[in-house]
Amino acid sequence: CELLYATGIRGGELLSLAVSDVNLGEGLLLIREGKGRQDRVCPLTDLSSWYLGEYLQGARKHFIRDGVESALLFPGKSGRRLKGDAVSEVLGRYTGECGIKKKLSAHAFRRSFASHLLDAGVDVRYIQRLLGHKSLNSTRDYLFVGGEKLRQVLLEHHPRERRARVLMETGGQDGKDHCADRDLLPRRTAQHELQRGDSSPL
């Protein structure tokens, strides 16, 4: 679960990872032949690197039968690649143990990875590269911006909000003409007036 959320990789990409694709020293993960049969390199978070190190040193050997060798990072008991629905089965078991009724998938972690990075202010072009998308339109389909986030952006960046904060702090007693704020009003240019054929200066 940690690796899915930390990297945003697809479930199929996770199951195809080899031990040799993990570079803990540099904190990198090589995705071979992802969607579109394209290779890409994913950076690892410090936390996911730590978990992977612990898994490789201890837990991994318990997932395969004694004497079985496998190059896969997450092999089945026989050492072979797990079936495509294996990730969903594992997630279903864990969510059930935690009392979570909603069904989760690897794709849900991928979407959360993208949306949470966007909420944190990461440029969408970086998110595009992390997800391995060729088109920015594909990345936009993954992103969800909630109403509260939209309101936060509006309050932080709308020019009138600076005035609103002054009013709230002073109770409107700052000695300024609050009906004017002419510097914030839309201004008509001479060119605009000529285009409209309006001779009025107002």
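Let's start with Arg10, which is buried, with a relative accessible area of 18%. Buried here means under 20% relative accessible area, exposed means over 50%, and partly exposed is in between, with a 1.4 Å probe and protein chains only. The partner of Arg10 is Glu13, and the two form a salt bridge with the closest N and O atoms 2.6 Å apart. By a salt bridge I mean a side-chain nitrogen of Lys or Arg within 4 Å of a carboxyl oxygen of Asp or Glu. Glu13 is buried as well, at 7% relative accessible area.

A quick word on what you are looking at. This is a predicted model, in which local features need pLDDT of at least 70 and side-chain atom pairs count only at pLDDT 80 or more, while totals for chains, interfaces and linings use all residues. Residues are numbered from 1 along each chain as its sequence is written, and side-chain values use heavy atoms, with hydrogens and water left out.

Now, how many salt bridges does the structure hold? There are 4. Another of them joins Asp21 and Arg32, again with the closest N and O atoms 2.6 Å apart. Asp21 sits in the loop between H2 and strand E1 (22-23) and Arg32 in the loop between strand E2 (28-31) and E3, so this pair ties together parts that are 11 residues apart in sequence. Is Asp21 buried or exposed? Asp21 is buried, with a relative accessible area of 4%, whereas Arg32 counts as partly exposed at 46%.

Then there is the pair Asp123 and Arg125, whose side chains meet in a salt bridge at 2.8 Å, N to O. Asp123 counts as partly exposed at 27% relative accessibility, and Arg125 as exposed at 56%. Salt bridges that share partners also join Arg10, Glu13 and Arg40 into one network.

Let me step back to the whole protein. Its secondary structure comes to 10 helices and 3 strands. Those are DSSP runs, numbered from the N terminus: helices are H or I with at least four residues, and strands are E with at least two. If you follow the chain from the N terminus, the elements run α-α-β-β-β-α-α-α-α-α-α-α-α. Of the 202 residues in the protein, buried ones make up 28%.

Arg81 has its place in the loop between H3 and H4 and is partly exposed, with a relative accessible area of 42%. For Asp21 and Leu72, the separation is 51 residues in sequence and 9.2 Å in space, again C-alpha to C-alpha.

On to the pockets. Rolling a probe the size of a water molecule over the atoms shows where empty space is left. On a 1 Å grid over the protein atoms alone, a cavity is a set of points where a 1.4 Å probe fits but cannot get out, and a pocket is an open set with protein on both sides within 12 Å along at least five of seven lines; lining residues have an atom within 4 Å of a point. Grid points are joined across faces, edges and corners, and a volume is the space filled by probe spheres set on the points.

The largest pocket has a volume of about 760 Å³. Its lining consists of 23 residues, and Cys1, Phe63, Phe74, Val90 and Tyr94 lie nearest the centre. Which element gives the largest share of that lining? That is H4, with 7 residues. Helix H1 (2-7), helix H2 (11-16), helix H3 (46-57) and helix H4 (86-97) each supply at least two. By class, this lining has 17 nonpolar, 2 polar and 4 charged residues. For these classes, Ala, Val, Leu, Ile, Met, Phe, Trp, Tyr, Cys and Pro count as nonpolar, Asp, Glu, Lys and Arg as charged, and the others, Gly among them, as polar.

The second largest pocket has a volume of about 160 Å³. Lining this pocket are Arg40, Val41, Cys42, Pro43, Tyr126, Arg129 and Leu130. Strand E3 (40-43) and helix H6 (124-131) are the elements that give two or more residues here, and E3 gives the most, with 4. The classes come to 5 nonpolar, no polar and 2 charged residues.

Last stop, the surface. Leu47, Trp50 and Tyr51 make a nonpolar patch of about 340 Å². Patches are made of residues with over 30% relative accessible area and no salt bridge, with like charges joined within 9 Å and nonpolar side chains (Val, Leu, Ile, Met, Phe, Trp, Tyr) within 5 Å. The accessible areas come from the Shrake-Rupley method with a 1.4 Å probe, and for residues only the protein chains shown count as cover.
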